[in-house]
Amino acid sequence: MITFPCAKINLGLNIVSKRPDGYHNLETVFYPIPLTDALEIKYMDEKFPSESPCDLKITGNDVDCNEEDNLVIKAYQLLAADFQLPRVHAHLVKRIPTQAGLGGGSSDAAYMIRLLDERFRLNIGIPEMERYAAKLGADCAFFITADPSYAEGIGDVLMPADVPGAGLGGYYLAVVKPSVAVSTRDAYAAIVPKTPAKCCRDIVRQPIETWKDELVNDFEAPIFAMHPELAAIKQSLYDAGAVYAAMSGSGSALFGIFREQPTGLEKEFEGMFCQVMKL
C-alpha cells in the first residue's frame with residue numbers, strides 16, 4: 001500500500017509568547033501543497049533478517065538523520081506500543097526538501113500513522129491519530145487530514161482556517177529552496193514575542209492582494225539579517241509577478257503565489273530546488 005505525504009506552507013507565522021516549558025506559542029495558517037514524498041509499506045517475510053520490526057529504505061533526497069531516528073520508524077513504534085502490528089518493510093522516497101520549513105518529515109510521520117491505520121484496520125479515528133501524531137512533532141497533527149488549518153499553541157492546536165471560496169485553487173505556487181541551512185534555535189533566539197495587530201487567520205480571509213502588506217512571518221526579519229540571500233530570493237519572486245511571497249516556517253524555502261504560471265524561474269534559480277505547481 002502506498003501513499004503520498006504532502007508538504008505545507010505557512011501563510012503568516014507569528015510568535016506570540018514564550019511558554020514556561022521553553023517553547024513558544026505561535027499563530028499560523030498551515031496550507032497543504034501538491035509537493036509530495038512517496039511512502040509504501042509491505043509485509044516483512046518471517047525469514048527476513050531484520051532486527052527492527054519496521055525495516056526502512058530511503059531513496060531520493062538525502063535525509064539528515066540515522067534510520068532509527070527517522071519519524072517514519074518512530075510513528076511505527078508509537079502505534080506498535082498500543083496495537084499488534086506485523087513486521088513491515090517501509091520504502092520512503094524523499095522529494096520534499098529537508099530543513100526547508102515545508103514539514104516533510106512531519107508529513108511522513110503522520111502519513112505513516114494513516115497508512116498503518118488503513119492497512120491493518122486499526123480503526124483509530126482522526127482525533128486519536130492527531131493525538132498520536134502530536135507526540136512526534138509540533139506540526140505532525142496537521143498532516144493527519146492535511147486540510148487548511150489555523151494553528152495555535154506550538155502548532156498542535158488546530159482549527160479550520162476558513163479560507164474563503166476555493167482558497168488558493170487555480171493559483172500557481174513556486175517553491176525555491178537554496179542550499180542555505182537555517183538554525184531554528186538562532187531564529188527563535190532573535191525574536192521578541194508579541195501579539196500581532198491582526199491575526200493571520202483574519203488576514204488570510206481577506207483578498208490576496210492585501211497579504212503583501214499585512215501577512216507576516218516573524219522569522220523573516222532575523223533570518224534575512226543572517227542570510228540576505230533569502231531576502232533576495234523573496235524579492236525576485238515579487239519581481240517575477242508573485243502576488244504574495246514569503247518564507248515558509250523557519251525556512252529556508254521561500255514561496256511565491258502567482259495568478260498566472262510563471263516562466264523562467266528554473267533559470268533564475270539555477271542550482272537551487274525550484275518547482276512550480278498549480279494549486
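The buried residues of α3 pack against α1, α2 and α4 (142–145), contact meaning heavy atoms within 4.5 Å. Helix α3 spans residues 126–134, and its buried residues are Met129, Tyr132 and Ala133; buried means under 20% relative accessible area with a 1.4 Å probe, protein chains only. Seen down the axis of α3, these residues fall within an arc of 100°, so they line one face of the helix.

The model is predicted: local features need pLDDT of at least 70, side-chain atom pairs count only at pLDDT 80 or more, and totals for chains, interfaces and linings use all residues. Residues are numbered from 1 along each chain as its sequence is written, and side-chain values use heavy atoms, without hydrogens and water.

An open sheet of 4 strands runs in the order β1-β4-β6-β5, with mixed pairing. Its edge strands, β1 (2–3) and β5 (54–60), each pair on one side only. Strands pair if DSSP finds at least two bridges between them. β5 and β6 (residues 88–94) pair in the parallel sense over 7 bridges.

| Helix | Strands crossed | Angle |

The largest pocket has a volume of about 1200 Å³. Of the 39 residues that line the largest pocket, the closest to its centre are Gly103, Ser106, Asp139, Thr184 and Ser250. A pocket here is an open set of points on a 1 Å grid where a 1.4 Å probe fits, with protein on both sides within 12 Å along at least five of seven lines; lining residues have an atom within 4 Å of a point.

Technical notes: Helices (H or I, at least four residues) and strands (E, at least two) are DSSP runs, numbered from the N terminus. Buried means under 20% relative accessible area, exposed over 50%, partly exposed in between (1.4 Å probe, protein chains only). The arc is that of the directions from the helix axis to the C-beta atoms. Grid points are joined across faces, edges and corners, and a volume is the space filled by probe spheres set on the points.
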